[in-house]
Amino acid sequence: MREKEVWTITVGVNLETSRSAAQLAEQNADVFACIGLHPVDDAHTGIVSSFDEKDFASLVTNPKVVAIGECGLDYGRAGTATDAEKARQKKDFEKQIDFAVANNKLLMLHIRNAHNDALDILASKKREYGERLRGNSHFFAGTTEIEKKYLDLNFSVSFTGVITFTSDYDEAVKYAPLDMIMSETDAPFVSPIPHRGKRNEPIYVEYVAQKMAQIKGKSTEEMQKILVDNAIRVFNIPL
Ligand SMILES: [Zn+2]
């Protein structure tokens, strides 16, 4: 990453990995961290925790921690989460929204097959918190209609290497205003072309930027500058 001058925001999915993310950020000037409880990744550990702000209180004061998340709702690949599971996720999501606002941080949203419920929660929290509620819709993979709703809430939208191997989100990329679009890799998952099927790496973000530039009709250099400026501004990256 350093050779390629790529910076990253690394993501915790539970308390343990949030601690590691914050530690990695502390040790490396070009790494920033996101802390929180992922709606489903934590469950993969076999222990399903619930979000308790006391656990994260000492981490959130770390100046290298720039956002709360990934948090949100994930109703599964087929959108078939049970009502009890949906209720569990909603509770943790709401707690993390409150925690982010109380600590003046952004939210890093992970929403899969749950946009309507997520947008309902965000809209009601927006009425309570106004401009203090801010965030980024990570791994955006929805329609422009859904995208508009996040943008209306003043959430930026972020795209991964998926855009290099399907044109399904070209419209969404086109629709995103130049000051509200983000790039990411979701490494180690979904490697972009030309690295499909292999482990994804943060440095492959260049392929995402390249593809975005193509879709947006910009040069890669212009697009890269826009994306870096957006990340610094939206995440309030301490330089
Ligand atoms: Zn995610």
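Predicted model: local features only at pLDDT ≥ 70, side-chain atom pairs only at ≥ 80, totals over all residues.
Which residues coordinate the zinc ion, and at what distances? I started my notebook there. Glu70 (OE), His110 (ND1) and His138 (NE2) coordinate the zinc ion, at 2.0 to 2.1 Å. Donors here are N, O and S atoms within 2.8 Å of the metal (3.2 Å for Na, K and Ca); water is not among the atoms, so sites may look incomplete.

Residues are numbered from 1 along each chain as its sequence is written, and side-chain values use heavy atoms, with hydrogens and water left out.

I wrote down the donor spacing as E-x39-H-x27-H. Glu70 sits in strand β3 (residues 65–74) and His138 in the loop between β5 (135–137) and α5 (144–152), so this pair ties together parts that are 68 residues apart in sequence. For the element names, helices (H or I, at least four residues) and strands (E, at least two) are DSSP runs, numbered from the N terminus. I also checked burial: Glu70 and His138 are both buried. Buried means under 20% relative accessible area, exposed over 50%, and partly exposed in between (1.4 Å probe, protein chains only).

**Entry: nonpolar cores**

Next I looked up the cores, each a set of buried Ala, Val, Leu, Ile, Met, Phe, Trp, Tyr and Cys residues joined through side-chain atoms within 4.5 Å. The largest one has 54 residues, and Phe93, Leu107, Leu122, Tyr150, Phe159 and Met212 have the most contacts inside it. I followed Leu122: apart from neighbours within four places in sequence, its contacts include Phe93, Leu107, Tyr150 and Phe155. Contact means heavy atoms within 4.5 Å. There is also a second, separate core of 10 residues, with Val66, Leu106, Met182 and Val234 among them.

**Entry: aromatic pairs**

How many aromatic pairs does the structure hold? I found 6. Rings of Phe, Tyr and Trp (its six-membered ring) pair if their centres lie within 6.5 Å; planes under 30 degrees apart count as stacked, over 60 as edge-to-face and the rest as tilted. Phe51 and Phe56 are stacked, at 4.9 Å centre to centre with 20 degrees between the planes. Phe140 and Tyr150 are edge-to-face, at 6.2 Å and 80 degrees. Phe140 lies in the loop between β5 and α5 and Tyr150 in helix α5, so that pair ties together parts 10 residues apart in sequence. I noted a cluster too, in which ring pairs link Phe51, Phe56 and Phe99.

**Entry: Thr164**

I placed Thr164 in helix α6 (residues 162–165). Thr164 is buried, at a relative accessible area of 16%. I then looked for polar contacts (N or O atom pairs within 3.5 Å; within protein, one must be able to donate a hydrogen and the other to accept it, and residues adjacent in sequence count only if both atoms are side-chain atoms). A polar atom of the Thr164 side chain lies 2.6 Å from the backbone oxygen of Gly161, and the side chain also reaches the backbone nitrogen of Ile193 at 2.9 Å.

**Entry: cysteines**

My search of the whole structure found 0 disulfides. Cys34 is buried at 0% relative accessibility, and Cys71 is buried at 0% as well.

Technical notes
Disulfide = S-S within 2.5 Å.
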